[in-house]
Amino acid sequence: MLIEPGLVFGILGQLQPLLNRVIDAVEITLKYDKSCRKLSDLLSRLQPLLQHIESQAPKLSSNVSLVHTWLTELEKRLKAAETTLNVSNEQHPRLTAPVSRYRAANEIKELTESVEELLQQAPQVAVDLALTILVKQENATEDTKHALQSMENQLSIVTRQLPNVTPQLADVTRQCFKPSIGKSLNIEEATIAIITGLQNLKASNDHDNAMEAVPLTLATIDPQQPSPKLHVPQFVFGLDDSIGRLQQLLLSRHSDADSHSIGVWGKGGVGKTLLARKVHNSMEVQQHFGNANIIWLTVGKDPNIRSLYRTLSEKLCLNPVHLSIWSQTNYKDFLCEEFSRRRALFIVDDVWEESVIEWLDVAKKPGSVTLWTSRKERVLLTAGVTEATKLHMDKLSEEDSWRLFCVHAFGQYNIPPGVEGLAHSVVEECQGLPLALKVIGGVMIGKKSRGEWERELKKLEESRMKHQDVEKQLFDCLKTSYDDLENADHANAKECFLYFAAFREDELLEQDKLCQYWVAEGLVPGDF
């Protein structure tokens, strides 16, 4: 769809005052929530970018749909930011309960991520803007115009590494690309020229570290980064047979066979994710699929499909500008096309509901395998898993349960005198669930008196009598570890733990950044 430049001017006229109001609101929020500092920095980086687009807008032709799309999305997110910040500033004096404060902190965090996502796309917008203007000015051939899209796709891999966007980026793009106008365009040469130009810009103007990660040649731009090894505990018991069976299912398919689904199901805490991680890290599996083609995605109980798609795009090293405004169906089609280029092992962990399947069933290239894990067998059936490709995980044996518990409670088998019988009873109450054994074992570490063990055993027995549902019993087991934080050395240990509610499930957190949040909330001293 062709968009007239006048529409771009209209949005720009509204954006600058809106941005100023949001910046003012953030300054108020910063007085009581220092975790807004990143959002403040992101907003300040938007101002020169908008000024640059405004200065270039008169040179645009009618084909400015990409710039218009990005600005429209920016306007929508800034309006949402203004509303969120104003509500937060109004309610702050009344937010005294920890959970309420952490929910508010989570809203600020999601808002920051929303603005950051658009800033990550901004370099590609700047490149598109520069190339569009240049093509118009130089009367480029149709072949050149058609080649632009392919070139921009390659440049997106570079530009997403540039956290700070300046007009110099567009200048370098024009200077490097202009020699190719009017003659047959060699996309690889032009792209290398632009990358080299960016590198030279970094060398000549080191006012920031924006270009630190830019590669020197196109050959080093590889979106298929190796899949990192996932963390697994040092001591694992009772999984050998399941690992062997699952690896056999994964490796038995030929590369030209139709794509298919494999499933693992069982109770919560039984070890499904651990099994999938062990197989993910297996050398045989890595060699079979190629470690760059093994993709892991955690879904969780209340998934946001668009958020999952963004995570998946990051894992595939994709950053098209259109992602933020595509419909969910268009987004899925885009991911299906990307997966059609690779024979992949796509591991989709912790799926709770069947409705998610249709949106995540995207790995369809011949030879590809999707591995689903779920608590519910019917989820696997919806995903097309058959009896032959389904693996049920049951509780650990009595022997393996005892071994796992001892590792976490006693550092293997250094059992304090007089508590071994009680320890066996505690293990029995954990019902062979690895997660319960690990958590309760961690609670009991260092406790040597019979009284302490008897109190813990009584809690577990009461939970079993209160709940028939094993998963509710498991929750009570986990709650025991939370209650035990009352005895921790730090007075705010429980509130520090609750702060994790402000983050997405399975999100990787930097320790230093988490400590900064705790300090900002007043949970720990500044020298923590």
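Visitor: What does the accessible surface of the protein come to, and what percentage of it belongs to carbon and sulfur atoms?
Guide: The model is predicted, to be clear. Its accessible surface comes to about 25900 Å². Carbon and sulfur atoms hold 49% of that.

Visitor: And how many of the residues count as buried, as a percentage?
Guide: 49% of the 528 residues.

Visitor: What share of the contacts with a separation of 6 or more comes from residues 24 or more positions apart?
Guide: Such residues account for 75% of those contacts.

Visitor: On to the strands. In what order do they sit in the sheet?
Guide: The order is β2-β3-β4-β1-β5. The sheet is open, and its pairing is parallel.

Visitor: Which strands are at the edges?
Guide: β2 (294-300) and β5 (390-392). Each of these pairs on one side only.

Visitor: What's the twist?
Guide: It averages 15 degrees from one strand to the next.

Visitor: Take β1 and β4. How many bridges do they pair over?
Guide: Six, in the parallel sense. β1 covers residues 260-265 and β4 covers residues 369-374. Gly263 has Trp372 in β4 as its bridge partner.

Visitor: Which strands does helix α9 touch?
Guide: α9 (residues 272-281) packs on the sheet and touches β1, β2, β3, β4 and β5. The direction of α9 makes about 170 degrees with that of β2.

Visitor: And α11, what does that helix touch?
Guide: α11 (residues 305-315) also packs on the sheet, touching β2 and β3. Its direction makes about 160 degrees with that of β2.

Visitor: Switching to helix pairs. At what angle do α15 and α16 cross?
Guide: Roughly 115 degrees, with the axes coming within 10 Å. α15 spans residues 398-410, and α16 spans residues 420-429.

Visitor: Right-handed or left-handed?
Guide: The crossing of α15 past α16 is right-handed.

Visitor: Which residues meet there?
Guide: α15 brings Ser401, Trp402, Phe405 and Phe410. From α16 come Glu420, Ala423, His424, Val426 and Val427. By class, the contact has six nonpolar, two polar and one charged residues.

Visitor: Why does Asp350 count as buried?
Guide: Because its relative accessibility is 14%, and the cut-off for buried is under 20%.

Visitor: What about phi at Gln431?
Guide: Gln431 has a positive phi too, about 55 degrees, and is not a glycine. This residue is in the loop between α16 and α17 (434-444).

Visitor: What is the relative accessible area of Gln431?
Guide: 26%, so Gln431 is partly exposed.

Visitor: Last topic: Thr69. Where does that residue lie?
Guide: Thr69 lies in helix α3 (residues 65-91). With a relative accessible area of 21%, Thr69 is partly exposed.

Visitor: How far is the C-alpha atom of Thr69 from that of Val125?
Guide: The two C-alpha atoms are separated by 9.9 Å. Along the chain, Thr69 and Val125 are 56 residues apart.

Definitions and conventions. Residues are numbered from 1 along each chain as its sequence is written. This is a predicted model: local features need pLDDT of at least 70, side-chain atom pairs count only at pLDDT 80 or more; totals for chains, interfaces and linings use all residues. Side-chain values use heavy atoms; hydrogens and water are left out. Axes are lines fitted to C-alpha atoms, for helices over the stretch in contact, and angles run from 0 to 180 degrees between N-to-C directions. Helices (H or I, at least four residues) and strands (E, at least two) are DSSP runs, numbered from the N terminus. A crossing is left-handed if the near helix is turned anticlockwise from the far one by less than a right angle, and right-handed if clockwise. Contact means heavy atoms within 4.5 Å. Ala, Val, Leu, Ile, Met, Phe, Trp, Tyr, Cys and Pro count as nonpolar, Asp, Glu, Lys and Arg as charged, and the others, Gly among them, as polar. Buried means under 20% relative accessible area, exposed over 50%, partly exposed in between (1.4 Å probe, protein chains only). Two strands pair if DSSP finds at least two bridges between them. Accessible areas come from the Shrake-Rupley method with a 1.4 Å probe; for residues, only the protein chains shown count as cover.
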